[in-house]
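I opened my notebook to look through a structure one feature at a time. Here is what I looked up, in the order I went.

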Amino acid sequence: MSRRPHVRKRYWNEPEMGLWEKAYLPEILRGLFITGGVFLRNMAKWMTGRKGALTTYYPEETRPDYAPANRGKHVLTRRPDGSPQCIACNMCATVCPAKVIEIEAGFDPADAAHPKFPVRFEIDYSRCVFCGLCVEACPEDAIRMAKEVPDLPAADRWTMWLGREELLAWQPQSDVAKPYPPAPKAPQGDRP
Ligand code: SF4
Ligand code: SF4
């Protein structure tokens with residue numbers, strides 16, 4: 001069986017190396033010179049109490065300019081009466097690739113439209129990969145991700161869980177994708 005000879009694909013914008021680049025070593029030295037210069041400049045600034053590098057010293061520092069579409073902290077949205085929009089269907093927990101969402105469902109027979117609600121809703125941020133699949137899977141728009149990052153760095157991973165009340169308490173009223181439900185009023189009835 002005859003095989004076609006391999007022909008290397010040529011790109012339309014392939015760079016042409018000059019003599020200096022083909023010599024290899026001068027370009028290596030030029031790269032090291034640039035990198036070393038930036039390193040020494042930043043080090044000098046750091047040692048004299050000024051900030052040189054663009055690096056954010058997280059968690060002591062957080063950036064004010066996260067992109068609007070950044071998938072940061074989770075938010076559980078509320079209905080106008082203040083109750084969680086979540087119907088404890090577990091779809092977010094099922095789709096989560098890191099298996100970090102734990103939900104315990106409650107039952108309220110008095111609410112025919114939404115008889116199920118989350119008694120417990122917890123996310124383990126030590127394992128969350130911030131993929132946003134939970135948001136995509138939710139049929140009720142009950143969970144979203146805001147651009148701000150959670151303030152969670154800790155020495156102990158067991159302190160990196162966020163619970164239902166924390167996820168509900170944080171209620172930004174703006175979103176790049178769609179508006180939030182109206183600001184909540186006081187919860188009605190006995191339902192948590
Ligand atoms: S962002 Fe991804 S990893 Fe984090 S809870 Fe949602 S689905 Fe799970
Ligand atoms: S947040 Fe959405 S997907 Fe997750 S349990 Fe609640 S309603 Fe279902």
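The entries below go from the ligands to the sheet and then to a few single residues.

**Entry 1: what I am looking at.** I noted at the start that this is a predicted model.

**Entry 2: ligand 1.** I asked which residues come nearest to ligand 1. There are 13 residues around ligand 1, and C96, C128, C131, L133 and C134 come nearest.

**Entry 3: ligand 2.** I repeated the search for ligand 2 and again got 13 residues around it. Here C86, C89, M91, C92 and C138 come nearest. The shell of ligand 2 divides into 11 nonpolar, 1 polar and 1 charged.

**Entry 4: the sheet.** I traced an open sheet of 3 strands and wrote down its order as β2-β3-β5, with antiparallel pairing. Which strands stand at the edges? They are β2 (101-107) and β5 (161-162); each has a single partner strand, so one side of each is left without a neighbour in the sheet. As a reminder to myself, strands of a sheet pair through backbone hydrogen bonds, either parallel or antiparallel. I followed β3, residues 116-124, to β5 and found the two paired in the antiparallel sense over 2 bridges. Within that pairing, I123 stands opposite L162 in β5.

**Entry 5: backbone angles.** Most residues other than glycine have a negative phi. Is Y24 buried or exposed? It counts as exposed, because Y24 has 10 C-beta neighbours inside 10 Å and the cut-off for exposed is 12 or fewer. I placed F130 in the loop between β3 and α4 (133-137). With 15 other C-beta atoms within 10 Å, F130 is partly exposed.

**Entry 6: V75.** My last stop was V75, which I found in strand β1, residues 73-76. V75 has 21 C-beta neighbours inside 10 Å, so I wrote it down as buried; the cut-off for that is 20 or more. I also checked V75 against A169 and found them 94 residues apart in sequence. In space, V75 and A169 are 8.3 Å apart, C-alpha to C-alpha.

Note on methods: Residues are numbered from 1 along each chain as its sequence is written. Chains are lettered from A and ligands numbered from 1 in the order in which they are written. This is a predicted model: local features need pLDDT of at least 70, side-chain atom pairs count only at pLDDT 80 or more; totals for chains, interfaces and linings use all residues. A residue is near a molecule or strand if its C-beta atom, placed from the backbone, lies within 6 Å of it. Two strands pair if DSSP finds at least two bridges between them. Helices (H or I, at least four residues) and strands (E, at least two) are DSSP runs, numbered from the N terminus. Ala, Val, Leu, Ile, Met, Phe, Trp, Tyr, Cys and Pro count as nonpolar, Asp, Glu, Lys and Arg as charged, and the others, Gly among them, as polar.
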